[in-house]
Amino acid sequence: MPGKGWFNLEAGNGVIPDTTFFEGEPAFKFLNLSRTTRLYGFIGCLIAGFVLSLLGTVVLILGMLVLFAILYVLGTIISLIGTGFLIGFAKQLKLMFKPIRVIATIVLIASIGLVFVGAFVLGNGILCLIFVFIQFLAYTWYTLSYIPYARTAVTKAVGLG
């Protein structure tokens with residue numbers, strides 16, 4: 001029956017808690033997107049970003065370094081854009097540069113640029129992969145900053161905390 005069950009996020013009051021992700025001015029307010037639609041946009045961007053990054057990895061195996069760099073970075077950017085559906089793009093930009101995640105944001109942006117430098121300018125696959133690894137770590141650290149105590153748990157898990 002339509003409108004019932006766990007997948008209908010609008011029906012069950014309290015299914016999606018009112019957190020900072022759904023407070024304030026939402027993305028695409030002028031389109032009047034519901035919470036469910038915004039969540040679908042987020043999930044869609046997350047999946048599309050993952051698929052593009054995975055496809056980039058496949059073309060790297062085939063020896064296409066430039067196409068790898070384009071697909072991998074595009075996948076990361078689309079994944080980042082996905083959170084704009086939840087909190088709004090202006091708010092996301094403000095949150096990216098809060099003191100808790102400013103270093104991760106700067107490293108992420110710099111590594112995105114360096115992936116392109118490694119692929120287009122230097123044509124060095126190993127250097128490009130090092131920058132991709134740094135980009136992955138920065139994106140992971142950036143993402144963990146949104147989850148309470150996640151960074152602390154990770155640092156303790158790897159023996160740094």
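Which helices do the buried residues of α4 pack against? In this predicted model, the buried residues of α4 pack against α2 (65–87), α3 (89–96), α5 (125–144) and α6 (150–157). The report starts with the overall fold, then turns to α4 and to its surroundings.

## Overall fold

The protein has six helices and zero strands. Along the sequence, the pattern reads α-α-α-α-α-α. The protein has 161 residues, and 33% of them count as buried. Among the contacts in the protein with a separation of 6 or more, 61% come from residues 24 or more positions apart.

## Helix α4

Helix α4 covers residues 102–121. Its buried residues are Ala104, Thr105, Leu108, Ser111, Ile112, Val115, Gly118 and Ala119. Viewed down the axis of α4, these buried residues fall within an arc of 155°, so they line one face of the helix. On the other side of α4, the residues Ile103 and Val121 are exposed. After α4 comes Gly123, and the phi of Gly123 is positive, near 60°.

| Helix | Residues in helix | Reach | Expected span |
|---|---|---|---|
| α4 | 20 residues | 27 Å | 28 Å |
| α2 | 23 residues | 34 Å | 33 Å |

For α4, the reach is close to the expected value. For α2, the reach is likewise close to the expected value.

## Ala104, a buried residue of α4

Is Ala104 buried or exposed? Ala104 lies in helix α4, and at 6% relative accessibility Ala104 counts as buried, because the cut-off for buried is under 20%. Leaving aside residues up to four places away in sequence, Ala104 touches Ala138, Trp141, Tyr142 and Arg151. Ala104 and Thr140 are 36 residues apart in sequence, while their C-alpha atoms are 8.8 Å apart in space.

## The contact of α5 with α6

Two of the partners of Ala104, Trp141 and Tyr142, also take part in the contact of α5 with α6. The axes of these two helices come within 8 Å and cross at roughly 130°. That angle makes α5 oblique to α6. Which residues of α5 and α6 meet? From α5 there are Trp141, Tyr142 and Leu144, and from α6 there are Ala150, Arg151, Val154 and Thr155. The residues of this contact divide into five nonpolar, one polar and one charged.

## Gly75 in helix α2

Helix α2 is one of the helices that the buried residues of α4 pack against. Gly75 has its place in α2. Gly75 is buried, with a relative accessible area of 0%. Which residues does Gly75 touch, not counting residues up to four places away in sequence? Gly75 touches Gly49, Leu52 and Ser53. Gly75 and Val51 are 24 residues apart in sequence, and the distance between them is 7.2 Å, C-alpha to C-alpha. Just after α2, Gly88 takes a positive phi of about 95°.

Terms used. Residues are numbered from 1 along each chain as its sequence is written. This is a predicted model: local features need pLDDT of at least 70, side-chain atom pairs count only at pLDDT 80 or more; totals for chains, interfaces and linings use all residues. Side-chain values use heavy atoms; hydrogens and water are left out. Helices (H or I, at least four residues) and strands (E, at least two) are DSSP runs, numbered from the N terminus. The expected span of a helix is 1.5 Å times one less than its number of residues. Buried means under 20% relative accessible area, exposed over 50%, partly exposed in between (1.4 Å probe, protein chains only). The arc is that of the directions from the helix axis to the C-beta atoms. Contact means heavy atoms within 4.5 Å. Axes are lines fitted to C-alpha atoms, for helices over the stretch in contact, and angles run from 0 to 180 degrees between N-to-C directions. Angles under 35 degrees count as roughly parallel, over 145 as roughly antiparallel, 65 to 115 as roughly perpendicular and the rest as oblique. Ala, Val, Leu, Ile, Met, Phe, Trp, Tyr, Cys and Pro count as nonpolar, Asp, Glu, Lys and Arg as charged, and the others, Gly among them, as polar.
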